[in-house]
Amino acid sequence: MAAKIMSTESSNDVAAILLRVVDYSEKDQIVTFFGAGCGKSTAFARAARGSTRRFAGGLVLFCMYELTLLPRRDGLPMLTQATALESLPRLSGTLEKIAVGSAVLELLRETTEEHDPNDRLLYLVWSALKTLEGLPAEALQQMRLTLRWLELQLLSEVGVGCSFALCVRCGAEGGEEPAFGVVSGGVLCARCQRPSDSLRPISSRTLRGLERLSTSPLAEVVARAGSRAGRDLGEGLKQFNDESGKVTREMILGHASGAMKAYEFLDSLIA
Ligand SMILES: [Zn+2]
């Protein structure tokens, strides 16, 4: 009732995934979420911990919720109810899936601005989480490939699209000894490389893989990697993930607002 008195408008319902849940007090929580029509936002969830009636027994990650939010004149909106629309329980089934799934949420949380709606991004992230859930427990490289695919889509969505096919300076093919220019966000041919470009070595093969990854639907990417040929190239896929990840990580860190701890945890699993 107290919440109603403080409200300035009526409540609204938002389809959203949770990005972070922080305990504020014994029962209250601060929830960061990414919602349809509102983007990244934060709300105060009073007495959310252990509330079976309003919060289905507790707020969890890897779940699509319908959140009922009550705007307030002062302070964060109040999250008054959360109804699970679709959950991904198998995503919490293995350490590898938790690690990659957490990196997905961290990626969305740290590279987007508050109150900047992007429903396509919400859809892409949810697609990636669903794909991760369905992968076999041992398919760590396919999980990493799913994360890499999402990184490329997200960079493009937030306006930092990378060019992998042609030299960003002269338009020529990358040719021999291409490098990735972190500053210019794309491949540079040997003739165009300058020290001020923050050059990173990258193989032509990885560049081709990144180009294909950035333009392919996720289902196709995962199916290709999971095919017999893909399994035979298992070591090649790991090399691709390792090399391409160094480049995308730098691009992401250039636009991240905080530390990428889930990524660091994933690194520790791969090492
Ligand atoms: Zn060039």
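Arginine 20 sits in strand 1, where strands are DSSP runs of E with at least two residues and helices are runs of H or I with at least four, both numbered from the N terminus. This is a predicted model, in which local features need pLDDT of at least 70, side-chain atom pairs count only at pLDDT 80 or more, and totals for chains, interfaces and linings use all residues. Residues are numbered from 1 along each chain as its sequence is written, and side-chain values use heavy atoms, with hydrogens and water left out.

- With 37% relative accessibility, arginine 20 counts as partly exposed; the scale calls a residue buried under 20% relative accessible area, exposed over 50% and partly exposed in between, using a 1.4 Å probe and protein chains only.
- Leaving aside residues up to four places away in sequence, arginine 20 touches Ile30, Val31, Thr32, Leu61, Arg109 and Glu110, with contact meaning heavy atoms within 4.5 Å.
- Phenylalanine 33 is 13 residues from arginine 20 in sequence, and their C-alpha atoms are 6.9 Å apart in space.
- Glycine 226 belongs to helix 7 and is also partly exposed, at a relative accessible area of 25%.
- Between glycine 226 and arginine 109 there are 29 Å, C-alpha to C-alpha, and the two are 117 residues apart along the chain.

**Domains**

- The protein is assigned domain 1 (2-87) and domain 2 (90-270), with bounds that come from an automatic or database domain assignment.
- Their C-alpha centres lie 31 Å apart, and the contact takes 19 residues from domain 1 and 23 residues from domain 2.

**Nonpolar cores**

- A nonpolar core here is a set of buried Ala, Val, Leu, Ile, Met, Phe, Trp, Tyr and Cys residues joined through side-chain atoms within 4.5 Å.
- The largest one has 54 residues, and Ile17, Leu108, Leu129, Leu132, Leu147 and Leu150 touch the most other members.
- Elements supplying at least two residues each to this core include strand 1 (12-23), helix 3 (95-111), helix 4 (119-134) and helix 5 (140-157).
- Helix 5 gives the largest share, nine residues.
- Domain 1 and domain 2 both contribute residues, so this core lies between them.
- Apart from this core there is another, of 17 residues, including Cys38, Ala45, Leu69 and Ala82.
- Leucine 108 touches Ile17, Leu19, Phe34, Leu121, Val125 and Leu154, not counting residues up to four places away in sequence.

**Helix packing**

- Two packed helices are described by the angle between their axes and the distance between the axes.
- Axes are lines fitted to C-alpha atoms, for helices over the stretch in contact, and angles run from 0 to 180 degrees between N-to-C directions.
- Helix 3 packs on helix 4 at an angle of about 175°, with axes 10 Å apart.
- That makes the two roughly antiparallel; angles over 145 degrees get that label, under 35 roughly parallel, 65 to 115 roughly perpendicular, and the rest oblique.
- On the helix 3 side, this contact includes Val104, Leu105 and Leu108, facing residues of helix 4 including Leu121, Val125 and Leu129.
- The contact of helix 3 with helix 4 divides into eight nonpolar, two polar and two charged residues; Ala, Val, Leu, Ile, Met, Phe, Trp, Tyr, Cys and Pro count as nonpolar, Asp, Glu, Lys and Arg as charged, and the others, Gly among them, as polar.
- The axes of helix 3 and helix 5 come within 10 Å and cross at roughly 10°, and these helices are therefore roughly parallel.
- Among the residues meeting there are Leu107 and Leu108 in helix 3, and Leu147 and Leu150 in helix 5.
- By class, the contact of helix 3 with helix 5 has 10 nonpolar, one polar and three charged residues.
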